[in-house]
Amino acid sequence: MRRSSGAAAWALGVAVAFFLAAEAAGAAPVPHDYEQALRKSLLYFEAQRSGRLPHGQRVAWRDHSGLTDGLEQGVDLVGGYYDAGDHVKFGLPMAFTVTMLSWSLLEYGGDVAAAGELAHALESIKWGTDYFIKAHTKPDELWAEVGDGDTDHYCWQRPEDMTTSRQAYKVDRERPGSDVAGETAAALAAASMAFRETNPHYAHLLLHHAQQLFEFADKYRGKYDSSIAEVKSYYASVSGYHDELLWAALWLHRASGRASYLDYVVDNAHEFGGTGWAITEFSWDVKYAGVQILATRLLLRGEHEERHRATLEGYRAKAEHYVCACMGRNAAAEDNVERSPGGMLYVRQWNNMQYVTSAAYLLSVYSGYLTEAGAGEGAAVTCAGGEASADAGEVFAHARAQVDYVLGSNPRGISYLVGYGAKFPARVHHRAASIVPYKDRKEFIGCAQGFDDWFGRKSANPNVVVGAIVGGPDRHDRFRDDRVNYMQTEACTYNTAPMVGMFAMLNRVAREQGPSPAARRPESSRSTAAAE
């Protein structure tokens, strides 16, 4: 991946616009150490590892776990990630996590490399993709879950002590799962581009699996939660599978260059809701905003045939509905995302931070796509009604404001990135973090013992799950740091994943700005290349 001179000019240009807007409003952004935030965010994925941990494991309070996963079914499903504070391996959110980590490198890989974190970022992706290769045991078979949420939640144990069910569940021709297979295809396609320069053989392998999984997802259609009942209470596919099919096709088009994937996105735009749904959230379940922004990228870059233009314009209209919703610029109030008094985007009570970080990422990349399109009609967002518009700098300013809120620029002065800043959640709802490390006390801790001796403690967790982004505050910026309060204190891998690239990019922007960026002229463009 290469950061072009155009990308460098965009970053400085939108940063200057951001500071000019802030100064005009009588406020300036609070400085944050984005490089430190980047380093810490990548540590979190090491804390979430399942399987046999490598010699280079930096999170020392974790140890090997889940070493017999898949054994009962005769397959090797050791590895992958625990999604949150429990020990089930859910395929859909894990795949989305890897997609977002990969996308972070594709957009901001040069910045990650400049901060010295490229190797760790690639490791975080590969820990997931290695697992997906194992889980894709046949062209039309994908193991989509290991463990059972119901039995898992009856226990409060370290992963090293697990006694809960490690039953594995799959989707196949008879029990389809187009959503989980489609998202896994997207993850592998995006990851293949991240590894293209450093490990071309591995990149080819990832793309091969991605193409097979997409064909499986498209040919044998169905929702995975209809095939795997155990997932319904935890990661039900509410949006269905059409968004994942479009999402996967766009990533495969970008990774392979095959025109047939773009034809698929255009031909199915209406039937699958790609140009119909006006969405105000982006998440592991609902991919439409991401689909619409990726499709708009092709339009703005001119990477399409003329016959695709009208449909891609339809995608752009819905992409800008999302962007405008996050900025509060749509004409109808109900078409905008609610904001807390402190400025946080608010979608819903449970783990709201996932929507904050994903929105920040989408707004940031969209501002970059607008700038790359150059001056004129293509370089601004037009909001509903056609009266309110915003340029790339304004879009970027909104993205950065959400990142800064996460890092502590909020009414409570709390960093919701654990381990960053002077004040952050100390009682994260996380089994491994809340119990004495296995290396310090190898005596077995049972299900009930964990609840009795550790879960109810009022003191801080003995282990800091550095880099985790917790569920965060409510619509009034209120936050209760209590292990029992899982809606606010549980962290998930897909909360942090979009921020890896954001932290790296903002670190570079902050360094380029210097002490008084608003007063500086934009520097001449320069090219910085980094291996993917």
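Predicted model: local features only at pLDDT ≥ 70, side-chain atom pairs only at ≥ 80, totals over all residues.
Which residue is the bridge partner of Lys 89 in strand 3?

**View 1**
Begin with strand 2 and strand 3 (residues 142-146), which are joined in the antiparallel sense over two bridges. Here is the answer to the opening question: Lys 89 has Val 146 of strand 3 as its bridge partner. As background, strands of a sheet pair through backbone hydrogen bonds, either parallel or antiparallel.

**View 1. Helix 15 meets helix 19.**
Two packed helices are described by the angle between their axes and the distance between the axes. For helix 15 (residues 392-407) and helix 19 (residues 493-513), the axes come within 11 Å and cross at roughly 105°. Angles of 65 to 115 degrees count as roughly perpendicular, so helix 15 is roughly perpendicular to helix 19. On the helix 15 side, the contact is made by Phe 396, Ala 399, Arg 400, Val 403 and Leu 407. Helix 19 answers with Met 499, Met 502, Phe 503, Met 505, Leu 506, Val 509 and Gln 513. Sorted by class, the residues of this contact are ten nonpolar, one polar and one charged.

**View 2. The largest pocket holds about 840 Å³ of space.**
This pocket is lined by 35 residues, and those closest to its centre are Tyr 234, Tyr 235, Trp 284, Trp 350 and Tyr 494. Helix 9 (232-235), helix 14 (353-373) and helix 17 (447-455) each contribute at least two residues to the lining. Helix 9 gives the largest share, with four residues. In the lining as a whole, 20 residues are nonpolar, seven are polar and eight are charged.

**View 3. The largest cavity has a volume of about 40 Å³.**
Rolling a probe the size of a water molecule over the atoms shows where empty space is left. In this structure there are five cavities of 30 Å³ or more. Around the largest cavity you will find Ala 47, Gln 48, Arg 62, Tyr 82, Ala 84, Gly 85, Asp 86, His 87, Pro 159, His 430 and Ala 432. Five of these lining residues are nonpolar, four are polar and two are charged.

Key
Residues numbered from 1 in each chain as written. Heavy atoms only, no water. Axes fitted to C-alpha atoms, helices over the stretch in contact; angles between N-to-C directions. Parallel < 35°, antiparallel > 145°, perpendicular 65-115°, else oblique. Contact = heavy atoms within 4.5 Å. Nonpolar A, V, L, I, M, F, W, Y, C, P; charged D, E, K, R; others polar. 1 Å grid on protein atoms, 1.4 Å probe; cavity = no way out; pocket = protein on both sides within 12 Å on 5 of 7 lines; lining within 4 Å. Points joined across faces, edges and corners; volume = space filled by probe spheres on them. Pairing = 2+ DSSP bridges.
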